[in-house]
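Here's a quick briefing to read with the model open in your viewer. Have a look at the structure first, then go through the points below.

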Amino acid sequence: MTPVWRRGLLWCGVAVLCAWTLVPIYLLALGAFGGREIVSQWPKPFLPLGLSLDTVGAFLAIDGVWRATWVSVQAAAMCMVLALLLGVPAGYALARFRFAGAGSYRLLILMTRAFPVAILALPLTVSFINLGLYDTPFGVALLHAVLAVPFATLVCASLFQGIPAELEEAAWVFGCSRFTGFLRVVLPLALPGIAAASIFAFVLSWNEVFAASVLTVRHRTLTAYLLSVLSESPLHVQFAGGLILIVPSVLFIFLVRRRLFAMWGIGNR
Amino acid sequence: MRRAGALPYLLILPSVLFLGVLFVVPLVQTALLAFQEGGTWSLGNWHRMADDLNFQDAVVNTFSVVLIVVPLQCTLALGMTMMLRHVQRGRDIILWVWSIPLGISDLAAGLVWLAILTDQGWLNTLLFKLGLISGPQAWLTYETPMVLLAGIIVAELWRATAIVFVILLAGVQLLPKEYEEAAEVFGASPWQRFWRVTLPLLRPSLQTALILRTVLAFEMFAMALALGGRNFPVLVSEAFNWQYGNQDYGVAASYAVLVMAISIAATLIYLVALRVPAEQRA
């Protein structure tokens, strides 16, 4: 094959794979903004010609979906905060100290990955009912944090490892304590990475279905709500819910796209 | 690295307590729940699980999806990785587009493909315009199990290839270029370079991707519910139904333990089958 041909073939492949990712999302958006009419429309349009203010208004007026979205946002935000509060110090400890038990601690962290969420969610339903945490965003956030904390810990550990300890030591020489040294020297350097890690914690909670469904009844997260109305509610409501689920994730992936490897490369260790 | 008494322990203490209470304790509780009935040791839950009508279907469906999807995803992801190596312009944006599914849950992916595959959906519209069908046609019912399986496989392929791709691309970027250049100097064709040089060097990444992907594939359930409803039971959706519909925590726990056992077995198989030589470990 000549190089020109080869380049053409390469770009065809790239274009096909981009379309393969994007076209299904586009079609879902058509369904979501099409309003009630699009559900029974046949044959379906491939262009957004039927869009009007009415149909977009109908999308914005679907009450149950937005209420559930708000619960999801609360749970995901709390999950993010928990992941940072617990993950940043633990990551710092793993990166900067050699201590007995570090190995078993790493093992505990890695173990959490191999277990299905179902195995945690089932007994926690009972405990949460007794503790009054059942059916609250905080309860959902707690369980999601079990998945997010290990991840945040490993990401932070590798971030801090990438920041030379000499910088910190210099700060101590100039009169910083360990804590202020961390705050003024290490944290600013690690901040973009920590931000990416927290975005991942948010998306992880935002997307989780099983635990959220088992732990809520009336204050459902968006995923739990959509799962519970799968066989009942009209299709355009389901499409709208699906689209609301997808949009933030797409934006988040865009924000952290340069750090995806740093995040998932960690799996290689 | 330095030694500093109690400080590291204080730093990890909150997360240890947290994971102890919310991870280790529930794990043990579920394991106990699965093997107990009315406060005594029993295999009753397991019998009820195995005797249930859906059990066999759930096992067959789950394994069909995993065994078909995971190899396809690895092939596709390898192809994507190799393609992106040759792209200079627009690399950033392509990388973003290809990684978008990373942030999409199996429920959302199920809804996306429901919009396409439903009776009056876009697939049927396309087939209609091509003159292949005469009107709306139902694909996602128990009468067309092969099409339903194919739909779920396509949806899984769409959603979860990105994670394999990102792990493999991260691995490829760590490979020293010298090996391939040396192979080229000695006259290896691009195909030979891929099979004899790049692929073997990628083994650690491939192993990670396979383990992560397989464990997650066994957990898939919302997509099966969205596309197949009751017609496509999988192991985790059965756990969900027993817990949620039948309020039978014991059988649900048995399902959860079964999924866990399968995940661990799969991980061990990969660890042995794709053993990474010590000098290649990062």
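This is a predicted model: local features need pLDDT of at least 70, side-chain atom pairs count only at pLDDT 80 or more; totals for chains, interfaces and linings use all residues.

**Chain A on its own**
- The C-alpha trace of chain A spans about 70 × 70 × 35 Å along its principal axes.
- Of the 269 residues in chain A, 49% are buried.
- If you take the contacts in chain A with a separation of 6 or more, 78% of them are between residues 24 or more positions apart.

**Where chain A meets chain B**
- The contact draws on 73 residues from chain A and 85 residues from chain B.
- On the chain A side, helix α1 (residues 3–33) gives the most, with twelve residues.
- Sorted by class, that side of chain A comes to 52 nonpolar, 17 polar and four charged residues.

**A helix pair across the contact**
- α1(A) meets helix α5 (residues 106–117) of chain B: their axes come within 9 Å and cross at roughly 75 degrees.
- Angles of 65 to 115 degrees count as roughly perpendicular, so that is what α1(A) is to α5(B).
- From α1(A), the contact uses Pro24(A), Ile25(A), Leu27(A), Leu28(A) and Gly31(A).
- α5(B) brings Leu111(B), Val112(B), Trp113(B), Ala115(B) and Ile116(B).
- By class, the residues of this α1(A)–α5(B) contact are nine nonpolar, one polar and no charged.

Terms used:
Residues are numbered from 1 along each chain as its sequence is written. Chains are lettered from A and ligands numbered from 1 in the order in which they are written. Two residues are in contact if their C-beta atoms, placed from the backbone, lie within 7 Å. Helices (H or I, at least four residues) and strands (E, at least two) are DSSP runs, numbered from the N terminus. Ala, Val, Leu, Ile, Met, Phe, Trp, Tyr, Cys and Pro count as nonpolar, Asp, Glu, Lys and Arg as charged, and the others, Gly among them, as polar. A residue is buried if 20 or more other C-beta atoms lie within 10 Å of its own, exposed if 12 or fewer, and partly exposed in between; C-beta atoms are placed from the backbone. Axes are lines fitted to C-alpha atoms, for helices over the stretch in contact, and angles run from 0 to 180 degrees between N-to-C directions. Angles under 35 degrees count as roughly parallel, over 145 as roughly antiparallel, 65 to 115 as roughly perpendicular and the rest as oblique.
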